[in-house]
Each structure stands twice: as C-alpha cells, then as structure tokens.
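Visitor: Could you take me through this model and set each term against its cut-off as we go?

Guide: Gladly; here is the model.

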Amino acid sequence: MRIEENYSLRGYNTFRLAVKGRWFMEYESEEELVRILRDEFFQETRSLHIGSGSNLLFLNDFNGIILHSAIKGITVVGETDDSVVLRVGAGEVWDDVVDYAVSRGWSGIENLSLIPGESGAAAVQNIGAYGVEIKDVIETVEAYNRLTFEKQAFSNASCGYRYRSSFFKDERNDPYVITYIHLRLSKTPRYTLHYGNLKALAAACSPLTLPDIRRIIIDIRRQKLPDPAQTGNAGSFFTNPIVPSAHYEALKKTYPAIPSYPMDGDRVKIPAGWLIEQCGLKGKTYGQVGIYDKQALVLVNLGEATGDEIALVAERIRTAVAERFGIKLMPEVHYVES
Ligand code: EPU
C-alpha cells in the first residue's frame, strides 16, 4: 500500500493538469482495499477513486483522498471450445490487456486498441470505439461496497450498460469499487468491421489477422487523436448527443450532409465533432486550450492550461452548438471540484 500527502496528480490525469491531491492512497490487493475502506480517517474524508484519469477534468487541487487501484494480473478463469474468460485486475492498463488478447489470438477487444485508461475505469465508463463497446465482452464485474465492505459479483445484465455509462457511473451507486473484470473473448476470429472505412482498410490484408486489425485501429487513432503522452487531452470531451428523430429531420433540411446513426426509440445519434466543426470552432485556440484540428470533439492542453480554462472553452462550445442546432452537448469528461 502506498500513501502520499500533497501528491502531484499530473501523471494521474491525461489533460496533464498541474493539480495536487491532499492524500493519495494506492492499494495492490483486495485485502489492502478493505483495510483502507474500514479505516476511520478514510470514512470521514471525502474521496475519489480514479483510474489513470483519462476522463477527468480537475478544476482545482483535490482536498481529499485520491484512491487508486494497483491490482494487476490477467488470468484465464474459464474456457470452452470457442471462448476464453479472462479475469483482469482493475489496475491493469487497458491497452496491455488488448495486446495480451490479440497476441494469443483471442478476439473481441481488438477494436478497443489504444484507448487510454485502466481496466476498472473502462468497465465503469463502458468504453467504446469502432463499433465495439466493452459491454459486448464483459461477463462479470467484481466490486466491493465501500459502506458494507462486502464483495459482490455483477453479471453483465446487472451492470446496467448504456452508451458511455453503467450502473457504477451513477452517483447513487458510487459506493462500489471495482477490483476485477471478467471478459469473454472468442477463440475463433470474429471481427467487427462495419464502422467507417474499417472494412475497406481491412480488405488490403489477406488473410486478415487480429494483429492486422489492432494495427489498423492504432493507425486510425494516431491520425485522428492526440497522444496524451505528448499533448494533454481526455479523448472525446462530450458524448455524441442523441436527439428525437423529428429534431434530426428538421436539421437535415438545412444541413443535408449531417451525419447520423439511428438509435432505438425513434432517436438519432449525431456526432458532436461534426456539430462543433460546423460552428467554425475546429482548430481554434483560446490561450492554452485548443480545439483539436483533426477531431473537434477533443480539447487539448497546449501546455499550462488550468481545468477552469478548459471548462470555459467547453462552455463556449456548448453555447455555440446550442444556439445553432438547439442541441445541448453533455460532457463525457467528469469534472472534479476541490
Ligand atoms: N466529424 C466531423 N468533424 C470532426 C470530428 C468528426 O465532421 O471534427 C464527423 C466524422 O466525419 C464522422 C463522424 O463525425 O462522420 C464521427 O467521427 P469519428 O468516427 O471520429 O467518431 P466520433 O463520433 O467523433 C466516437 C467516440 C470516440 C471513438 C470514435 C470511433 C464518443 C463520444 N466518441 O467519436 O471515442 O474513438 O467514435 O468509434 O462516442 C472517447 O470516448 O474518448 C473517444 C475517442
């Protein structure tokens, strides 16, 4: 177990903001987690559990306890002729898990290559890219209730997965701390290639292999998204808005090229990046904050931006999109106040 005071969180938020946590506690096992949860000081102090902070916007220093999992390990806990089940520690770097699966020929998560973050947070957030969401392969989630100290296994259905959301993301269910996730992967190749130009890019490979798909996805991401190791960012800043079909049809009259994805319940998802670009904001910079020139949905820290400055630019974007399209963008990034 590691406990630090006034700890720099620069390495724990991919915006690379120079903020501090009053305390930082890191545990390496479930036993250590339970020791922390039972601790009186912990119970009386405000706390925030983080992964690698790839979806966080710290507005100030955090005047409480930052809790971080260093539970590692990837093991095979189930196997059939057709599939394997991996048990993955919440503190495993997500892309290492993808690499592990791809190198063994197990498919299901290759489209989620290079998504920043750790495995526990990936399951909270229901990460998704290129036609795949982690919910498609989650079998079970092991979590501790921080109020009762009891461990619970959640089936996929009880995780309440939705677009970029889950039961665990809901503030009312905040007491749960995920320690392990179980992923069911296919031993026979099952590729998802329907998103964008994936099929066309894959057609150049014959025969098409899992490592090919991982490489193609990595190439696409590198072309469109800034590398957080070089330029602070948190991926998509907003979720793609889902609007009633009638709203979309009305917009289509003025903007015939508006991209859209049909959803259930007579609703349509519209790419927020397109809406922001139409407002003329793509590539603009405001002080130390930029709207990324290759993908308008991403805000970047050009060096020494503060969380407040990024939040102000986000507000400017929301206002522009609301005025022009009558659509309220919602941050995908979680704002953390002191
Ligand atoms: N578009 C524009 N201008 C832009 C950006 C996008 O016109 O500046 C248009 C594109 O031309 C395309 C559409 O918007 O028609 C969708 O763009 P893209 O394929 O880049 O995907 P996205 O909807 O912007 C989502 C996820 C990404 C994920 C990609 C690929 C959300 C909020 N974002 O982005 O996830 O990588 O699809 O599946 O759902 C993340 O969550 O951090 C993230 C990066």
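Visitor: Why is serine 107 called buried?

Guide: Buried means under 20% relative accessible area, exposed over 50% and partly exposed in between (1.4 Å probe, protein chains only); serine 107 has 2% relative accessibility, and therefore counts as buried. This is a predicted model, in which local features need pLDDT of at least 70 and side-chain atom pairs count only at pLDDT 80 or more, while totals for chains, interfaces and linings use all residues. Residues are numbered from 1 along each chain as its sequence is written, and side-chain values use heavy atoms, with hydrogens and water left out.

Visitor: Where is serine 107 placed, and which residues does serine 107 touch?

Guide: Serine 107 is in the loop between α3 (94–103) and α4 (119–125), where helices (H or I, at least four residues) and strands (E, at least two) are DSSP runs numbered from the N terminus. Contact means heavy atoms within 4.5 Å, and, not counting residues up to four places away in sequence, serine 107 touches Leu185, Ser186, Thr188, Pro189, Arg190 and Leu210.

Visitor: What makes the pair formed by serine 107 and arginine 190 a polar contact?

Guide: A polar contact is a pair of N or O atoms within 3.5 Å; within protein, one must be able to donate a hydrogen and the other to accept it, and residues adjacent in sequence count only if both atoms are side-chain atoms. Here a polar atom of the side chain of serine 107 lies 3.2 Å from the backbone nitrogen of arginine 190.

Visitor: Why is glycine 160 called partly exposed?

Guide: Glycine 160 has 24% relative accessibility, and therefore counts as partly exposed. Glycine 160 is placed in the loop between β11 (151–155) and β12 (176–186), and, leaving aside neighbours within four places in sequence, is in contact with Ser165, Ser166 and Phe167.

Visitor: What makes a group of residues a nonpolar core?

Guide: A nonpolar core is a set of buried Ala, Val, Leu, Ile, Met, Phe, Trp, Tyr and Cys residues joined through side-chain atoms within 4.5 Å. The largest one has 48 residues, and those with the most contacts inside it are Phe58, Ile276 and Ile317. Elements that give two or more residues to this core include β5 (62–69), α8 (272–278) and α9 (307–325), and α9 gives the most, with seven residues. This core draws at least three residues from each of domain 1 (2–69) and domain 3 (232–336), the bounds coming from an automatic or database domain assignment. Apart from it lies another core, of 44 residues, among them Ile109, Leu112, Ile216 and Ile220.

Visitor: Why is phenylalanine 238 called buried, and which residues is phenylalanine 238 in contact with?

Guide: Phenylalanine 238 has a relative accessible area of 1%, and is therefore buried. Phenylalanine 238 is found in the loop between β13 and β14 (242–244), and its contacts, leaving aside neighbours within four places in sequence, include Ile276, Leu297, Ile317 and Leu329. Isoleucine 276, for its part, touches Phe238, Ile291, Ala296 and Val321, among others.

Visitor: How do you know which residues are around the ligand?

Guide: A residue is near a molecule or strand if one of its heavy atoms lies within 4 Å of it. Of the 24 residues around the ligand, Tyr130, Tyr163, Tyr195, Asn240 and Glu277 come nearest, and α8 gives the most to this shell, with three residues.

Visitor: Which polar atoms lie 2.6 Å, 3.0 Å and 2.8 Å from an oxygen atom of the ligand?

Guide: A polar backbone atom of tyrosine 130 is at 2.6 Å, a polar side-chain atom of lysine 282 at 3.0 Å, and a backbone N or O atom of alanine 296 at 2.8 Å. Taken alone the ligand exposes 810 Å², and the protein buries 82% of that, with accessible areas from the Shrake-Rupley method and a 1.4 Å probe; for residues, only the protein chains shown count as cover.

Visitor: Why is tyrosine 130 called buried, and what is its phi?

Guide: Tyrosine 130 has a relative accessible area of 12%, and is therefore buried. Tyrosine 130 is placed in the loop between β8 and β9 (132–133), and has a positive phi of about 50 degrees although it is not a glycine.
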